[in-house]
Amino acid sequence: MKKTLKLLSLTLALIMSVSVLAGCFGRKKGEPPVSTSDKRVVMTLGGYNVTYDFYRYLFHNTKDFLSNGDENYWNQEGNDIEKVKEYIIDSLNDTYAMFALADKYDIKLTDSEKSYIDSIIEQSKGTMSDEDFEKSLNESYMTEELYRFILEIQQLELLVYDYIISEDSGIIFADDKTVKNAVNNDFVRATHILFIFADEKESTEKMALAEQVLQRLKNGEDFETLKEEFSEDTGLKGNAHGYYFIRGAYDNAFEDTAFNLKVGEMSEIITSDIGYHIVKRLPLEEDYIDDNLEDLRSQYLTSKYYEIIEETQKNFKTEYKDEYKDIKLDSFK
């Protein structure tokens, strides 16, 4: 439910500063730690080039993600090229901040990671004919080289993430006392009744159902009982604990609502990217925190990692090339 796309993670699931750069052996100025051979530059972020092929890939996948294949989406107010660019820049900033951290801590893909990437590509090829493999790449708006590049980004991010959160690096402190204090001060516990819709017709039907359920709740019926009957969030089926989470974990609408509610308070119907929600904030439970400390530690470490990513982005200078300024909704055909 996270609003910020983290687009690389989403699309991968579907198919499965300048001085620092200058000192990197074997790389030309502007090249990130992993790259393709495309020399066409759409923009630069923090001194790194964003190439045409990568931006095109993000552009098409972002458009598909936002519209869900419905071209009428672009006729609605606010659904325009600027919205697409906003989503892409969020994704790019995260990725290129990770590149900057990789250079800062001298983190590179090892031969083992490169061999692993080779094996993934060969496995992909082995499951289909050459023609079908090429068709699959085209449908995902990529070439085989770009496919490798996306996999390299994924592997490099795992290395950077593991290093940043590791105890040996000393970058983040996450002992038991620190994590427990963070949970009690920065986490919220919430549950919700979720109504998912895929199109406008279903949206109308689900809103009517959500309104009925909300009225039943206001009439005094038990939240947990109605949640089990109506909610489409499978992660909460049989789960009365709800979710414990820190800022940045979920869609902004859901997250903001949960944090703004008082303990025991229930929301009106809210809308997120995935559907309608009726949210209820629950009290933190010390026994649950003790029993699930490792999961909560993982959340805490991830949130701290993204704080470092965001802090790294603050030093970025962005330069837009002429090609970027001319991008329209029908570009990159």
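Trainee: How far apart are the closest N and O atoms in the salt bridge of Lys 108 with Asp 106?
Mentor: This is a predicted model, in which local features need pLDDT of at least 70, side-chain atom pairs count only at pLDDT 80 or more, and totals for chains, interfaces and linings use all residues. Residues are numbered from 1 along each chain as its sequence is written, and side-chain values use heavy atoms, leaving out hydrogens and water. A salt bridge is a side-chain nitrogen of Lys or Arg within 4 Å of a carboxyl oxygen of Asp or Glu. For Lys 108 and Asp 106, the closest N and O atoms are separated by 2.2 Å.

Trainee: Are Lys 108 and Asp 106 buried or exposed?
Mentor: Buried means under 20% relative accessible area, exposed over 50%, and partly exposed in between (1.4 Å probe, protein chains only). Lys 108 and Asp 106 both fall in one class: exposed.

Trainee: How many salt bridges does a search of the whole structure find?
Mentor: Some share partners: Asp 176, Glu 294 and Arg 297 are joined into one network. The search of the whole structure gives a total of 21.

Trainee: Which helix holds both Glu 202 and Lys 206?
Mentor: These two form a salt bridge, with the closest N and O atoms 3.6 Å apart. They sit four residues apart, about one turn of the helix. Helices (H or I, at least four residues) and strands (E, at least two) are DSSP runs, numbered from the N terminus. The helix is H9.

Trainee: In what order do the four strands of the open sheet lie?
Mentor: The pairing is antiparallel, and two strands pair if DSSP finds at least two bridges between them. Strand S4 (243–246) and strand S5 (266–271) are the edges, each pairing on one side only. The order is S4-S3-S6-S5.

Trainee: What angle does the direction of helix H9 make with that of S5?
Mentor: Helix H9 (residues 200–218) packs on the sheet and touches S3, S5 and S6. Contact means heavy atoms within 4.5 Å. Axes are lines fitted to C-alpha atoms, for helices over the stretch in contact, and angles run from 0 to 180 degrees between N-to-C directions. The angle with S5 is about 175°.

Trainee: Which residue in S6 stands opposite Ile 193?
Mentor: Strand S3 (residues 187–196) and strand S6 (residues 275–282) run antiparallel, joined by eight bridges. Opposite Ile 193 is Ile 278.

Trainee: Why is strand S1 largely enclosed by the rest of the structure?
Mentor: S1 (residues 41–45) pairs antiparallel with strand S2 (residues 48–51) over four bridges. It also pairs antiparallel with strand S7 (residues 318–320) over three bridges. S1 is largely enclosed because, of its five residues, the number buried is four.

Trainee: Which residue in S7 does Thr 44 stand opposite?
Mentor: In S2, Thr 44 faces Asn 49. In S7, Thr 44 faces Glu 319.

Trainee: How large is the positive phi of Asn 68?
Mentor: Most residues other than glycine have a negative phi. Asn 68 lies in the loop between helix H3 (52–67) and helix H4 (81–104). It is not a glycine, yet its phi is positive, about 55°.

Trainee: How far does the backbone nitrogen of Lys 328 lie from a polar atom of the side chain of Ser 331?
Mentor: Ser 331 lies in the segment after helix H14 (322–325). It counts as buried because its relative accessibility is 17%. Beyond its neighbours within four places in sequence, Ser 331 is in contact with Phe 59, His 60 and Asp 326. From the Lys 328 nitrogen to the Ser 331 side-chain atom, the distance is 2.7 Å.

Notes:
A polar contact is a pair of N or O atoms within 3.5 Å; within protein, one must be able to donate a hydrogen and the other to accept it, and residues adjacent in sequence count only if both atoms are side-chain atoms.
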